[in-house]
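Please walk through the model below with its ligand, its annotated positions and a few individual residues in view.

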Amino acid sequence: MIKKFIDKLLGKSTPGTSGGKPHFGKREEVPASVHGINPELVDRRAAEVVATLKQAGFEAYIVGGAVRDLLLGLRPKDFDVATNATPEQVKGLFRRAFIIGKRFRIVHVVHGRGREHEVIEVSTFRAYLDNSAAGQVSGNEKTSKAQLAGMQHAVDASGRVLRDNVWGPQDEDATRRDFTVNAMYYDPVSQIVVDYHKGIQDAKKKTLRMIGDPATRYREDPVRIIRAVRFAAKLSPLGFTIDAKSAAPLVQSQALLAEVPQSRMFDEMLKLLQTGHAIATIEQLKKLGMAKGIYPLLDVAVERADTPFVKAALVDTDRRVNEGKPVAPSFLLACVLWEDVRNGWQERLNQRQHPLPALQEAIDEVFDKRIGDVSGRGKLAADMREIWVMQPRFEKRVGNTPFGMVMQPRFRAGFDFMRLRADVGEVEEALAEWWQDFQAADDERRDDLMDQAREEQKARQKAQQPVVKRVPRNAPAAAPRAAAPAEGADYPEEGMEFATEGSAPKKRRRRRRKPGGGAGGGGEGAAPATAGE
Ligand code: ATP
Ligand code: MG
């Protein structure tokens, strides 16, 4: 009866690893003298959460990526806790704890407030329900009780099965994790690591090994394919590689990604590019033969990874993440797609369209063509548009424009974008330096800078430089040094006088002397708060 009920709940189960009971692994308790984890790298809050749960009589451990990183001597970026307490039980033990998630119910235990607050994610051990799950459930008295308790939460309001909320014992929880090095449990009280799948050994061998049959595990959840790439990239500097059996089905399994909801794919793509290992990720994708086909926007990023601008953006993103600075998806995607915007804009300028509508149209076209699949992300698209639309405005240093620009909430993102363009020679270095000065300056200095800009303009007009550079229609994709449409484009703005700063071709424009010798132009000195989202 129970089996029937569960069968019904589960629907048709996914194909089995080998048709039989999966191997849950032998529990090994590894002492500190062997694993060598430095307790100082363990987050105090996470250790407290574990201690509280243990005092209340539950099993509790730090788990997953944090244990992996601790073992490797890295400071984990976040700490997850796993326990046999249910979310309700966990919630009852902490003053500020919130049950979140529908598909995967977990508890956020919150410490501190405001920007300083810290969240420890506590999840209940999950049962291994894939493959011939129903059979195992009914075959194990103890497990089925626990699982039936979980079953109360296994169906959402619409009757959709939420299999991920079926509780189970720790060995099953370990088996449903992805890589052996991600499946260890650390008890900060006893300092013991619990390892069911030889994670310690694999960490020593610097191997990323999928638990169970790799092809089956990729089928169960194709996102694991992307995770394989991400961990391979993250750990490649330490000498890690994906074990041959785990790597072998990757390319073939790639097609399964089509089943994954777009929003999850988008998030995974961002994790590849924005967790500080973008360059390494692209290397891995190429090495593993997956440079194409994971996700359309990722394809574009990989294709352009060697162009100076996108390369600079990726390197800069990695640097920022590794310095603990925030990064914004809108910024990176604006960089990746800039080539399309520029080309579309130039085409329209060549057809003698007015610069502003030409730019807007070019942007619309890029959105239609490239990111239809993230159309739900209104803010992201709006932020990208703003970054792009700001670019020609940087050329316009007259009237009130610069004063208005620096007041814009997205100014910093727009400026950082322009800074990168300057780094690859797409706009004048002097222009980037001017803005660097201007945004940091007091009123008096800003007036000086405006005077200076005016003088430069006069000098240019005297030299009778052409205002707009025309590029032949259907010109090949502009190389970074080629004139960006922005340069010298007339750029009228509502409520402001029509003004043209104009800009001379690069070689004619002399580098501006920097009175006061202020901000360095490298972008570094200013610690740009890119896009601060
Ligand atoms: P990171 O350092 O990037 O956070 P992580 O290993 O902590 O890496 P998370 O996405 O935070 O990765 O997931 C935490 C843990 O949950 C993983 O270590 C793994 O044990 C498990 N896990 C997460 N996603 C999956 C998945 N798709 N399949 C199996 N196990 C998963
Ligand atoms: Mg994590």
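Helices, as named here, are DSSP runs of H or I with at least four residues, strands are runs of E with at least two, and both are numbered from the N terminus. The model is a predicted one, in which local features need pLDDT of at least 70 and side-chain atom pairs count only at pLDDT 80 or more, while totals for chains, interfaces and linings use all residues. Residues are numbered from 1 along each chain as its sequence is written, chains are lettered from A and ligands numbered from 1 in the order in which they are written, and side-chain values use heavy atoms, with hydrogens and water left out.

Within this scheme, Ser-330 belongs to helix α18, which covers residues 329-350. Ser-330 counts as buried because its relative accessible area is 0%, where buried means under 20%, exposed means over 50% and partly exposed lies in between, computed with a 1.4 Å probe and protein chains only. Although 51 residues separate Ser-330 from Ala-381 along the chain, their C-alpha atoms are 7.1 Å apart. A second pair of this kind involves Leu-273, which sits in helix α14 (residues 262-274) and is buried, with a relative accessible area of 1%. Leu-273 and Leu-298 are 25 residues apart in sequence, and the distance between their C-alpha atoms is 8.6 Å.

The ligand comes next. Around ligand 1 there are 16 residues, of which Arg-68, Asn-182, Asp-221, Arg-224 and Arg-230 come nearest; a residue is near a molecule if one of its heavy atoms lies within 4 Å of it. Two or more residues of the shell are given by each of α4 (65-71) and α11 (223-235), and α11 supplies the largest share, five residues. Domain 1 (23-126 + 167-205) and domain 2 (206-319) each contribute at least three residues to the shell, with the bounds taken from an automatic or database domain assignment.

An unreviewed UniProt entry places the feature "active site" at Asp-78, Asp-80 and Asp-178, and such annotations may be inferred rather than shown by experiment. Asp-78 is in the loop between α4 and β3 (80-83) and counts as partly exposed because its relative accessibility is 39%. Asp-178, in the loop between α8 (170-175) and β7 (184-187), is buried at 7% relative accessibility.

Two backbone angles complete the tour. Gln-191, a residue other than glycine, has a positive phi near 60°; Gln-191 lies in the loop between β7 and β8 (192-195) and is partly exposed at 26% relative accessibility. Arg-352, likewise a residue other than glycine, has a positive phi near 65°, is found in the loop between α18 and α19 (355-370), and counts as exposed because its relative accessibility is 64%.
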